[in-house]
Amino acid sequence: LDELGHDMPTKYKMLERYTGTSVMDVKMNDPKVYELFRSTDPLGVTSEEIHSPLGTFGIPEMGTHFGQQLLLDAKPKNFADLLQISGLSHGTGVWLGNAQDLIRSGVCTISDVVGTRDGIMLYLIRHGLENGIAFRIMEDVRKGKGLRPEYEAAMREHDVPDWYISSCKKIKYMFPKAHAAAYVMSAIRLAWYKIYYPMEFYAAFFTVAPGGFDAEIVMQGKRAVYDVIAAIEKKGNEATQKEAETVTTLQLAGECLCRGIRFLPVSISRSDATAFLPEEGSIRLPFSSLPGLGETAAQ
C-alpha cells in the first residue's frame, strides 16, 4: 500500500466504514469493473455528459489523460491486460514510440507487448531460451542496457519476432510485475466501489483527497463545474498547480452530479469538520470545503 501513496489505506478505511463492505470481499472478476476501463456504461452516464470517454476518474493511474489514452489504445479485456498497462505507464521508453506504435499499427495486442520486466524472462523461456540467458536478457533490458549481440542472436535462433527484439532495444526502465499487480488490484477494488456504492465512493474520495474542492463552485451545479474546468484547461501550461488539482477534483464532482448524487450545503448541525458524509442518497459537505477555511478553523 505504501507504493500506492499514503492515502490509499485511508480510502479503504473510509469505504469500509461508509459501506460496511470489507475491501477484501470485493470481487476481482466482475465484468462491469473491467468494462469501466473501456467505457462509461457501468456508471450509467454517457461520455458526453462527463466529458470523458472512460469512467476511470478517481482510479489510481487510470484517470489521468495519459492513463485514459493508454487504455483507449490498449483496449484491456482482463486482469493480465491491466497488468501490462500498469507496467507500460510506469516504464521509460516502453509505451510512447514503442508499444503504442506496435498496437496502433496492428503488429500485436496489449497482451503481447513488453509490459513488465518479469514478462521478458517468461516470454523468452516460452520461446525456448535457457532460463539463465532469459534472466540476464531481462536484467539488461530493464536497466536500459539494450541487447548484447550474443543475446540478440540467441533470440533470433529461437524465433523471437523482430518487433519484440526492436522493442527491447528501446526500453530504458521497466516496472516489476509485483508492483503492477498491487496497482491493478487497488484500481479494481476502487472501481468496484465506484460502480456499486457511488455515493460512498465519492464521499470517501473527497474526504481523503479534497485538493481543489470548492463548495461554492460545486453547489452551483454541473454547468458551473464544467465551465470552470473548461476555463482552466484553456490556460494550458499557464495553469497553476492548484488549478490543475482543481480540475482533477471537479472532474470527479461533475461525474458525481451527472450520476444523480447531490451535494448538500454545509450545516452547523450535520456537517463534519473535514469528512464528506453520505446522507440519504446525497453527500453532506464538511466545513473544510468552504473556500478559505482551513482545517483548524473547521475543527
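Is lysine 143 buried, exposed or partly exposed, and what is its relative accessible area? I looked this up in the predicted model and found lysine 143 partly exposed, with a relative accessible area of 45%.

**Entry 1: lysine 143 and glutamate 139.** I searched for the salt-bridge partner of lysine 143 and found glutamate 139. The closest N and O atoms of this pair are 3.9 Å apart.

**Entry 2: lysine 194 and glutamate 255.** I noted a salt bridge between lysine 194 and glutamate 255, with 2.8 Å between the closest N and O atoms. This pair links distant parts of the chain, the two residues being 61 residues apart. Lysine 194 lies in helix 11, residues 177–196, and glutamate 255 lies in helix 15, residues 241–258. I recorded both lysine 194 and glutamate 255 as buried.

**Entry 3: arginine 270 and glutamate 279.** I found the side chains of arginine 270 and glutamate 279 joined in a salt bridge, at 3.6 Å from N to O. For glutamate 279 I noted a relative accessible area of 14%, which places this residue among the buried ones.

**Entry 4: network and total.** Which residues are linked in a network of salt bridges? I listed Glu152, Arg156, Asp162 and Lys169. For the structure as a whole, I recorded 12 salt bridges.

Definitions and conventions:
Residues numbered from 1 in each chain as written. Predicted model: local features only at pLDDT ≥ 70, side-chain atom pairs only at ≥ 80, totals over all residues. Heavy atoms only, no water. Salt bridge = Lys/Arg side-chain N within 4 Å of Asp/Glu carboxyl O. Buried < 20%, exposed > 50% of the residue type's maximum accessible area, 1.4 Å probe, protein only. Helix = DSSP H or I, 4+ residues; strand = E, 2+ residues; numbered from the N terminus.
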